[in-house]
Amino acid sequence: MFDILIEKLNRKEPSKTSCTIEIQAAFIFSSLATFVVGYVIIMIFRIILAVLNKCQSIKRAEKILDLCSSSKIKINPLRRFNFHGEFRERVEMLLSAQTIVGQVLAILVFVLSIGSLIIYFINSTDPVGKCSSHRDNTLHVDLSFNTFFTFYFGLRFWAADDKIKFWLEMNSIVDIFTIPPTFVSYYLKSNWLGLRFLRALRLLELPKILQILHIIQTSSSLKLSKLLSIVLSTWFTAAGLLHLVENTGDPWSDGDNKQSMTYFEAIYLVMATMSTVGFGDVVAKTSLGRVFIVFFTLGSLVLFANYVPEIVELFSNRKKYTKAYEAVKGKRFIVVCGNITVDSVTAFLRNFLRRKRGEINTEIVFLGEAPPCLELETLLKFYSSYTTFVCGSALRFQDLKRVAVENAEACLILANPLCSDLHAEDNSNIMRVLSIKNYYSKTRVIIQILQSHNKIFLSKIPNWNWSSGDNIICFAELKLGFMAQGCLVPGLCTFLTTLFIEQNQKVFPKHPWQKYFLNSLKNKIVTQRLSNDFVGMTFPQVSRLCFVKMNLMLIAIQHKSLFHSCCSLILNPSAQVRLHRDTLGFFIAESSQIVKRAFFYCANCHSDVWTPELISKCGCKNRNQHVEGPTIRVMKDNADEFPCSSEFMENILREQVNSTVINFANRNITNEADDFDLLDSSGMFHWCRSTPLDKVVLKKGDKSKHEFRNHIVACVFGDSQSALVGLRNFVMPLRASNYTRHELKDIVFIGALEYLQREWRFLRNFPRIYIMPGSALYTGDLHAVNIEQCSMCAILATPSKPLSSQFLVDTETIMATLNIQSLRIRCHTSVPSVPGEKNAKCFLKKSTKESYQQIPILTELKNPSNIHFIEQIGGLDEKVKGTSLHLSTAFSTGTVFSGNFLDSLLATAFYNYHVLELLQMLVTGGISSQMEQYLVEDKYCETQDGGATIQSARMRCKLGLLSLDQTILSDIKPRKTFGQLFCGSLDTYGILCIGLYRMIDEEEHNPEHKRFVITRPANECNLLPSDLVFCAIPFSTCCKPKTASPSQALDDSTKVVSLSSETQPTDTRDLSNVTPTGKKMSPKN
């Protein structure tokens, strides 16, 4: 019986046999031989082709070269065969996974690779020194997998352009060292683990497979999958190598130092090594294993230190910033997208959240295309009660749905004014608007645009609707408009800017003039519905009453014309304009709380109240007016308030300013016979027939032919490749029709002719414009345009260029400023009190002492922190010197401007779009946001009643600087305080005084006669004889004093600038018996 059992056991083949060194060498040698032999064959084939290429005399070689030479057919030697070429192209298309079959093939290869790796994990439970017999079912499965891999390898080899490069690829090496051992195992009827762990490197294909399956669609998900695949493939491959080495031992020691280590223990050891923990319970004992651990530790330090923290961060951000925003019913929120950076978000939050905490009831949802950086994340955490960040793009409907754009109050789009490509920045933001409007057409959109000519594309969007609150903030239009106003009226640029900036820094003034300027920074433009008790009263009456009884300065109203139902903004209307119910008033005040006095005013209850603080809500039963404060929003349900029909727009165009793009095709011109007073069809701008460029280009040698005086010099930097800044926006306010032709000043542009030639097609229909080819950095070019006699020299910012530092964006501007400041004007007699008026009569006492004066300059800075490069006197506070432009002396005197404050207009447009509309009217000459849709379609008003319409269009208010002694203000008595001057000028001439331009110091301590701006002086502010007064002057008012000689010119005593869109001659005023202090005057006998 025992003999029979032994015989059966001997006849039964064991499932596990011992793998000798020869068997293991056969497995490894098969892979090495395949790799080496294949590489040698490819190299020999290339050498043969190279030799045959040189044997041009052998016909047979020529035939072979025609078929196979890589010199004639560089990439594919057999491409001339149609069959081969078509087959190869199909294989390439198949392997690129661009077709469904190719995608299925790529997925199948990956799945089978993972299956082969799983078979390796199963077989790794057996000792490495044992070989599985051919009866093991996993052997047949693995053989079938590798057969398919062989077919796929052949396809890849056939489609490869460079065979050598393909042979050395990682995927090729994986196939070479895993496929041949499988066939060897089938031949030897036994299977050995060997190098099959290399299949783990196929995990690197995981991101590609997930993209094919559309499982990952965002960049962060793709990055996360790549990092995970790198870590996992490195982990499993290193564990497989360590498992093999430790179980076989060192070859030179005949395996005496081998140890039994499972694959799981190898994974554990690799993880302990990667994390640099090293518990020591599982260690490598072989020399090869220890050498591998040394080098792997160095690599794992980089891998674990860089990849793992990034994976953790992506996991946390994925959950934190990719989840949808939960819109709560009844809770207001806005969506902010576009240029989401630390600087832009800081500026936006500073302006949007500048109100008191109890007044902020709107949450801000930032939609950023990339996860926030650490600095931005810290900023958002600081404002966590008001802000939420969602990672996504406004160009994707899925992301717009995640932030619930359809429920948002508005969608605000930020632009990057310091970018190198302005056109590309505008195009990307316009595409965001188009995406938002396509997703939900009723969403209110407020966008920042850098170039004015790009505004036309927004109004062509089908769902763009001005009446629902859609608005455009054009940086180029506003910045150049501010610069133009500063050229017309010295200090006006600073005056308007102070009404829109927010000063929160604690500054301790060192001089009295600094205290005046700091107090004026508190004033802002505020709107408020006026009391219905003002109905029927004229604007001068209401403005005087508000000033005297309520200590409020009312400067403009929203008026509904009798001829049509539209509302227009009017600065300092005449006595013919009477107030209607619920009239919206515009005030210069410190806060929105104090202007509520104008709403609460009751003629019955407050007629005898002369203390402004006591004017509050009364208990009259007949007062049922609905209070509406300064935070006026245009929402989706009040679109009927501002109709935009064709008839409506035609009526507006008969009274307001025409388009920024002037149509010069069909004109109705006053006085066509004489080219002296030509106007455009709207009557808003001076016009001339198209002037050729060569007629306006000046030559340096012909200075005697162009002796300019009291002109404006504009320094422009740009070349043939620079983006256009839109000089038309600078010229249009300087050519407003409420100036007579002799009041217009010559404009001379200094810059590269190649750049100005591109701008000229937008300027050729404006009169008295000249071009001097050259540079403001060259003194000779400045003298050629007689800069010593100019009224103002405007240095415009350099067009955007790609620079390494934002501090260098103003390099040319600063250098030009320093160059012009070095020039001195010799004054033998008197020094004019108005900067830039070289030929004007002096308002001060004449001085026979010879002195020098600088050329009046207005410099535009892109980066406000560059103010310290040109600041000469010093800032208001040494602690903030060189960092705050609005606290610098140069800004207070009106010699520096920066458009960085325009970022605040985005919040202003959301809270109160009326303020933005007023600013656009003041800066651009009367263009209303409600007209944009009509204007950009080139629909213009054709005058039907001859010169009457054009003449009415010219009857607009001007802003000027009036002297107290040399103008009609000298006839006002008494005028010791600003309150007396305000009431007297308004009562007598209809002139609205709104600010002062005062000398910084006495003449002996202020040799350059610098002045600073005081916005809305206090009623009791004492006036100085040298003060100049910012005034809103009716068009028909002559500013010459009654005692002036007939030859005295108007522009000798005033500088005026177009502001309003509708002003009529004034008449006498009521309330003349009320003094600025609030007391009634006793009647005269």
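Visitor: Which residues does Ile555 touch, not counting residues up to four places away in sequence?
Guide: Ile555 touches Ile525, Phe539, Ile570, Leu571, Asn572, Phe586, Ile588, Leu992 and Ile994. Contact here is heavy atoms within 4.5 Å. Keep in mind that this is a predicted model, where local features need pLDDT of at least 70, side-chain atom pairs count only at pLDDT 80 or more, and totals for chains, interfaces and linings use all residues. Residues are numbered from 1 along each chain as its sequence is written, and side-chain values use heavy atoms, with hydrogens and water left out.

Visitor: OK, and which residues touch the most other members in the largest nonpolar core?
Guide: Ile555 is one of them, along with Phe348, Phe366, Phe730 and Phe749, in a core of 147 residues. A nonpolar core is a set of buried Ala, Val, Leu, Ile, Met, Phe, Trp, Tyr and Cys residues joined through side-chain atoms within 4.5 Å. Buried is under 20% relative accessible area, exposed is over 50%, and partly exposed is in between (1.4 Å probe, protein chains only).

Visitor: Which helix gives the most to this core?
Guide: Helix 18, residues 475–488, with 8 residues. Helices (H or I, at least four residues) and strands (E, at least two) are DSSP runs, numbered from the N terminus.

Visitor: What's in the second, separate core?
Guide: That one has 47 residues, including Phe110, Phe153, Trp167 and Ile293.

Visitor: Switching topic: where is Gln854 found?
Guide: Gln854 sits in strand 19, residues 851–854. Leaving aside neighbours within four places in sequence, Gln854 has contacts with Gln821, Leu823, Arg824, Ile825, Glu1008 and Lys1010. Its C-alpha is 6.6 Å from that of Leu823, 31 residues apart along the chain.

Visitor: Why does Gln854 count as buried?
Guide: Because its relative accessible area is 16%.

Visitor: And Leu301, where is that found?
Guide: In helix 12, residues 287–321. Leu301 counts as partly exposed because its relative accessibility is 41%.

Visitor: What about phi of Asn710?
Guide: Phi is near 55 degrees, a positive value in a residue other than glycine. Asn710 lies in the loop between helix 24 (693–696) and strand 14 (712–715), and counts as buried at 18% relative accessibility.

Visitor: And Asn786, buried or exposed?
Guide: Buried, at 8% relative accessibility. Asn786 also has a positive phi, about 55 degrees, although it is not a glycine.
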